[in-house]
Amino acid sequence: MVKQEEWKDEYQKICELLRHHSYKLTPQRQTILKAFLENEDQHLSAEDTFMMVKHNYPDIGLATVYRTLDLLAELGILQKNDFGDGRSRYEFNRKDEHHHHHLICIKCGDVSEFDDDLLESLEAEIEKRNGYQVVDHDLKFYGYCNKCKSTLD
């Protein structure tokens, strides 16, 4: 969870970025941003986000949530992920942080993060051997979380 002071700083940066691109900071967008800042360790779908924000902003529609999430992803504020469950999930795009990967339970759908980037040496080797400059990668591991693994037997 982001500390209150960091939360405010992050929120202000995002608001400034929206204004810079001539987007209004509507109450709906503010509410959605706050939901992500308050739940930054989660990978939220549009439906998850809608359920969170409709309590504070009952007039918001699911279509507005979808449009806002797509806009925030387009601006690079959120990263849009596909974990193979038919729903896009979003998380903050932390360009300044170390790259992380996702562990996805194929039974319950739980998504967790794996922070060690073991691919850095592979990227360096690819660049050395092929002259190919890798700028990003996406790695997902599918399997069973500890809870679901114990129910398999």
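In this predicted model, helices α3 and α4 are oblique to each other. Helix α3 covers residues 46-53 and helix α4 covers residues 62-74. Their axes come within 9 Å and cross at roughly 120°. An angle of 65 to 115 degrees would count as roughly perpendicular, and over 145 as roughly antiparallel. The α3 and α4 crossing is right-handed. On the α3 side, the contact is made by Ala46, Glu47, Thr49, Phe50 and Val53. On the α4 side, Leu62, Val65, Tyr66 and Leu69 take part. By class, this contact has seven nonpolar residues, one polar and one charged.

**Two more helix pairs**

Two packed helices are described by the angle between their axes and the distance between the axes. The pairs that involve α2 can be described in these terms.

Take α2 and α4. They pack at an angle of about 70°, with axes 10 Å apart. That makes α2 roughly perpendicular to α4. The crossing is right-handed. From α2, the residues are Gln28, Arg29, Ile32, Leu33 and Phe36. They meet Thr64, Val65, Thr68, Leu69, Leu71 and Leu72 of α4. The residues of this contact divide into seven nonpolar, three polar and one charged.

Now α2 and α3. Their axes come within 10 Å and cross at roughly 105°. These two helices are therefore roughly perpendicular to each other. Thr31, Ile32, Ala35 and Phe36 of α2 meet Thr49, Met52 and Val53 of α3. The contact has five nonpolar residues, two polar and no charged ones.

| Helix pair | Axis angle | Axis distance |
|---|---|---|
| α3 and α4 | roughly 120° | within 9 Å |
| α2 and α4 | about 70° | 10 Å |
| α2 and α3 | roughly 105° | within 10 Å |

**Threonine 49 and isoleucine 32**

Which residues does threonine 49 touch, not counting those up to four places away in sequence? They are Ile32, Phe36, Leu44, Val65 and Leu69. Threonine 49 lies in helix α3. Is threonine 49 buried or exposed? Its relative accessibility is 0%, so threonine 49 counts as buried. Threonine 49 takes part in the contact of α3 with α4. Threonine 49 also takes part in the contact of α2 with α3.

Isoleucine 32 has its own set of partners. Leaving aside neighbours within four places in sequence, isoleucine 32 is in contact with Thr49, Val53, Ile60, Thr64, Val65, Thr68, Leu69 and Leu72. In the contacts of α2, Ile32 meets α4 residues and α3 residues.

**The nonpolar core**

In soluble globular proteins, nonpolar side chains tend to be buried together. Here the largest nonpolar core has 23 residues. Which residues have the most contacts inside this core? They are Ile32, Phe36, Val65 and Leu69. The elements that give two or more residues to the core are α1 (4-20), α2 (27-38), α3, α4 and β3 (88-92). The largest share, five residues, comes from α2.

**The loop between α1 and α2**

Serine 22 sits in the loop between α1 and α2. Its phi is positive, about 65°, although serine 22 is not a glycine. Serine 22 is exposed, with a relative accessible area of 67%.

Tyrosine 23 lies in the loop between α1 and α2 too. Tyrosine 23 is partly exposed, at a relative accessible area of 28%. Leaving aside neighbours within four places in sequence, the contacts of tyrosine 23 are Leu18, Arg29, Leu71, Glu74 and Leu75. Tyrosine 23 and leucine 71 are 48 residues apart along the chain. Their C-alpha atoms are separated by 9.6 Å.

**The whole chain**

The protein has six helices and six strands. From the N terminus on, the elements run α-α-β-α-α-β-β-β-β-α-β-α. Buried residues make up 31% of the 153 residues. Among contacts with a separation of 6 or more, 47% join residues 24 or more positions apart.

How values were computed:
Residues numbered from 1 in each chain as written. Predicted model: local features only at pLDDT ≥ 70, side-chain atom pairs only at ≥ 80, totals over all residues. Heavy atoms only, no water. Axes fitted to C-alpha atoms, helices over the stretch in contact; angles between N-to-C directions. Helix = DSSP H or I, 4+ residues; strand = E, 2+ residues; numbered from the N terminus. Parallel < 35°, antiparallel > 145°, perpendicular 65-115°, else oblique. Left-handed = near helix turned anticlockwise from the far one by under 90°. Contact = heavy atoms within 4.5 Å. Nonpolar A, V, L, I, M, F, W, Y, C, P; charged D, E, K, R; others polar. Buried < 20%, exposed > 50% of the residue type's maximum accessible area, 1.4 Å probe, protein only. Core = buried A, V, L, I, M, F, W, Y, C linked by side-chain atoms within 4.5 Å.
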